[in-house]
Amino acid sequence: MNTTAIYHRPESEFAYLYEKDKMHIRLRTARQDVRHVQLLCGDPYTLYKEAWYQQRIEMKKILSTDLHDYWQVSVGAEFRRLSYGFSIESYDGLHVFYGDHGVYPFEQQYLEMNNNYFRMPYFQEADRFKIPEWAKETVWYQIFPERFANGDPSNDPEGVLPWGLKNPDRQDFFGGDLQGVIDHLDYLVDLGINGIYFCPIFEAYSNHKYDTIDYLAIDPAFGDNDTFKRLVEECHKRGIKVMLDAVFNHMGDTSHQWLDVIKNGKDSPFADWFHINEFPVNYKEGENFEDAYDITYDVFAFTPHMPKLNTENPDVQDYLLKIARYWIEEFDIDAWRLDVANEVSHHFWKKFRQACDDAKDDFYILGEIWHSSQRWLQGDEFHAVMNYAFTDAIIEYFVKDEISMTKMVSELNNQLMLYREQTNQVQFNILDSHDTPRLLTLARGDKDLMRQVMAFTYLQQGVPCLYYGDEIGLTGDMDPDCRKCMIWEEEKQDRDLLHFTRSLISIRKDNQKVLSEGSLSWNWVSEEDGLIIFERELGAQRIIGIFNTGDDQITLSRPDSILMEQFVQLEDETMIIDNKGFAIVKVNNEESNEA
Ligand code: CA
């Protein structure tokens, strides 16, 4: 037994309340090392009286990475507090007890030691990680407002270019606005999405608006506060949730606070609002507009136009929390997406979470974090992060051919094991965004591959987010190229791709519960022929995804109910799947039509 690989941590993603009366307990062991794991558990105060360590509850191996196996069990309603440890038996015949003080031989004397057990001291409902129910049921649509639709030429900024005239450069404006979104809400309803994530819409200098001037005003080129109020109302009427982008890490250098710092130096009342290393504030120009060096204050990346806010200053905290509440209370938004969330303190985000919870029930908070995010996802900061680490694994295998199929599966499983089950259900799965090349461009224009990747992703746990225009075949490389104007002339849209996307979203919504809460098992992962089959299961419901990522045709037995397919020929008894083909199969547990 490889005992060094055995790992558990109480009150973490390894031991947490899933529901009010249901606790999940996980254990990690070395891959293919352990054959049997059981949980010993009971009330901490009755160990001697009841000798509950003599009973054991089976744990199930749920997922594996290239290094580890993960085991899980649910324990529940009969407990309010819990002592627990693990019985672990390896393939090479060793049997150990693993508890709070490490690994012991599995012998009575060690099982009787009260302090050898891990603890869940009390089932604290207040501390449980809770998610808004609607967040599990949402298919998001991301809009970059300057480029979605121009619904009001009267607010166009100076020097506006004709819509779609050219591929965008960094400083271009095309006149997109909020009225344009209102005008096309029925298009979005028809597409099937039920949440819109807006890139920033507050007053700012740039076309991307990540350099906020005034957090309490809609950018005049996008409309005004009344336009936004109308937009939220029209969205809610159609069952669409609204998420705004909050840029609280930094401000724009044309904000009145920063201008005051430039003018008055350390005597400015806002001098402590930022991280200033030396007065007067200054920098030397770099080659690009957004780059500079010898900057005398902390900034976002190397951008002197985005001075970093000091979120430990109580005045800054009051200011930002007021903004957080303002858009919830006055405009009824449903969610905040937090830009550069990882560079702002946990201390501040806990206060932010509390302010949002106080302002509205079932509010959803999404952090922009590109790496492992356990610390932000304990239940008192965010509900989810932008799940780039998860979708990267999919793109690296399917599109870029940079990792093997087994490595992709390992990484997807690894990401799922970083977080609680309820967190995984609302993780924000994006294949592209305003910060990345578009999926179609990454796939070198191969729409068959794009459809395969989308289908694979929409069957995973977590909520999908569609970047505006992907559904009609919009292309684009790294930003600013991925921020092209939306195409509205139907003859220039890829209507087949639109129809496909609509069908996929509808499968996602029709099978929301099993795709959100269902267990995941990888039934077949074959590097040789490129066949990958996985299954999501919840009660009697099963959804099976079958993907041919290899070069040759693959013949399988014919399933009964195919919800969607690409490059599949059905014979009497068999199903032949071509290269880049896939089938989404729905099965009832009573039937035995295993693919
Ligand atoms: Ca306009």
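A residue counts as buried when its relative accessible area is under 20%. Keep that cut-off in mind as we walk through this structure, which is a predicted model.

Let's begin with strand β3, which spans residues 34-42. Seven of its nine residues are buried, so β3 is largely enclosed by the rest of the structure. What does β3 pair with? One partner is strand β7 (residues 82-90), which runs antiparallel to β3 and is joined to it by eight bridges. Another is strand β4 (residues 57-58), also antiparallel to β3, with two bridges between them. As a general point, the strands of a sheet pair through backbone hydrogen bonds, either parallel or antiparallel.

For parallel pairing, turn to an open sheet of eight strands, in the order β22-β21-β20-β15-β12-β11-β24-β23. Which strands stand at its edges? They are β22 (384-385) and β23, each with a single partner strand, so one side of each is left without a neighbour in the sheet. Further in, strand β15 (residues 241-246) pairs with β20 in the parallel sense over four bridges. To place this pairing, look for M243, whose bridge partner in β20 is A335.

Strand β18 (residues 299-300) pairs with β19 in the antiparallel sense over two bridges. V299 has P307 of β19 as its bridge partner. The two strands form a hairpin with two residues between them, and there A301 takes a positive phi near 50°.

Now let's look at how the side chains gather inside. The largest nonpolar core has 145 residues, and those that touch the most other members are Y141, F228, W336, F352, Y364 and F428. Helix α8 (residues 314-329) supplies the largest share of this core, with eight residues. Take F352 as an example of the contacts involved: leaving aside residues up to four places away in sequence, F352 touches F248, L321, A324, W336, L338 and I365. There is also a second, separate core of 25 residues, which includes M1, I25, L39 and F86.

Another pair, F228 and F331, has its ring centres 5.6 Å apart and its planes at 45°, so the pair is tilted. This pair also links distant parts of the chain: F228 belongs to helix α6 (residues 225-237), while F331 sits in the loop between α8 and β20 (335-338), 103 residues away. F228 has a relative accessible area of 0% and is buried; F331, at 6%, counts as buried as well.

Elsewhere, R438 lies over the face of Y468, at 4.7 Å from the ring centre.

Finally, what about the cysteines? The structure holds zero disulfides. C235 is in no disulfide, and the nearest cysteine sulfur, that of C465, is 14 Å away. C235 is buried, at 0% relative accessibility. For C485, the closest cysteine sulfur is in C482, 13 Å away, which is too far for a bond. C485 is buried as well, with a relative accessible area of 8%.

Technical notes
Residues numbered from 1 in each chain as written. Predicted model: local features only at pLDDT ≥ 70, side-chain atom pairs only at ≥ 80, totals over all residues. Heavy atoms only, no water. Core = buried A, V, L, I, M, F, W, Y, C linked by side-chain atoms within 4.5 Å. Buried < 20%, exposed > 50% of the residue type's maximum accessible area, 1.4 Å probe, protein only. Contact = heavy atoms within 4.5 Å. Phe/Tyr/Trp six-rings, centres within 6.5 Å; stacked < 30°, edge-to-face > 60°. Lys NZ or Arg CZ within 6 Å of the ring centre and 35° of its normal. Pairing = 2+ DSSP bridges. Disulfide = S-S within 2.5 Å.
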